[in-house]
Amino acid sequence: MELKLADSLQAWGTPDFKRVLKNEIEQLDASQLPLQQALSVGNYALDDELEAVILDAAERADSIRVKAGIFYTSIIGGCSCADDPTPIDKNTEYCVVQLDINRDTAATTLTLLNE
């Protein structure tokens, strides 16, 4: 999956980099993140409570490689019948992703890590 993180690229090398990147990740549409693929508790990922944590960032020859943790929520979907007494509880989920931000174009490749 490819996206652009232009603000993060511009902030690279400044004290604001982690804050800017965290904000950009948290503003992404859920379809741009591998939330559904990373589920461990629920069976449907929600995108209403994303929180990113920047774990590591390093400069490479042509990119900036970032490792980030993403906290989000999921639910266990039921039958959704009108008389279904099962409450819909939110579950806390977590995944780790690698972002490779191209230093020339800000094109970013996002990969789900098995951590």
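The stops below concern one serine, then aromatic pairs, then salt bridges.

The model is predicted, so local features need pLDDT of at least 70 and side-chain atom pairs count only at pLDDT 80 or more, while totals for chains, interfaces and linings use all residues. Residues are numbered from 1 along each chain as its sequence is written, and side-chain values use heavy atoms, with hydrogens and water left out.

**Stop 1: a serine in a strand**

Select serine 63, which lies in strand 3 (residues 63-75). Strands (E, at least two residues) and helices (H or I, at least four) are DSSP runs, numbered from the N terminus. Is serine 63 buried or exposed? Serine 63 is buried, because its relative accessible area is 9% and buried means under 20%, exposed over 50% and partly exposed in between (1.4 Å probe, protein chains only).

Now display the contacts of serine 63, where contact means heavy atoms within 4.5 Å. Not counting residues up to four places away in sequence, serine 63 touches Ala58, Asp100, Ile101, Asn102 and Arg103.

**Stop 2: the aromatic pairs**

Rings of Phe, Tyr and Trp (its six-membered ring) pair if their centres lie within 6.5 Å; planes under 30 degrees apart count as stacked, over 60 as edge-to-face and the rest as tilted. By this rule there are two aromatic pairs. Tryptophan 12 is partly exposed at a relative accessible area of 26%, whereas phenylalanine 17 is buried at 4%.

Next select phenylalanine 71 and tyrosine 94, a tilted pair with 4.7 Å centre to centre and 45 degrees between the planes. Phenylalanine 71 lies in strand 3 and tyrosine 94 in strand 4 (residues 90-102), so the pair ties together parts that are 23 residues apart in sequence. Phenylalanine 71 is partly exposed, with a relative accessible area of 34%, and tyrosine 94 is partly exposed as well, with 33%.

**Stop 3: the salt bridges**

Side chains of opposite charge can pair when their charged atoms come close. A salt bridge is a side-chain nitrogen of Lys or Arg within 4 Å of a carboxyl oxygen of Asp or Glu. How many salt bridges does the structure hold? The structure holds seven.

Begin with aspartate 16 and arginine 19, whose closest N and O atoms are 3.7 Å apart in a salt bridge. Aspartate 16 is partly exposed at 37% relative accessible area, while arginine 19 is exposed at 54%.

Move to arginine 103 and glutamate 59, whose side chains meet in a salt bridge (2.3 Å, N to O). Arginine 103 lies in the loop between strand 4 and strand 5 (107-113) and glutamate 59 in strand 2 (residues 44-59), so this pair ties together parts that are 44 residues apart in sequence. Arginine 103 is also among the residues that serine 63 touches.

Then select lysine 67 and glutamate 115, a salt bridge with its closest N and O atoms 3.0 Å apart. This pair links distant parts of the chain, with lysine 67 in strand 3 and glutamate 115 in the segment after strand 5, 48 residues apart. Lysine 67 counts as partly exposed at 29% relative accessibility, and glutamate 115 counts as exposed at 58%.
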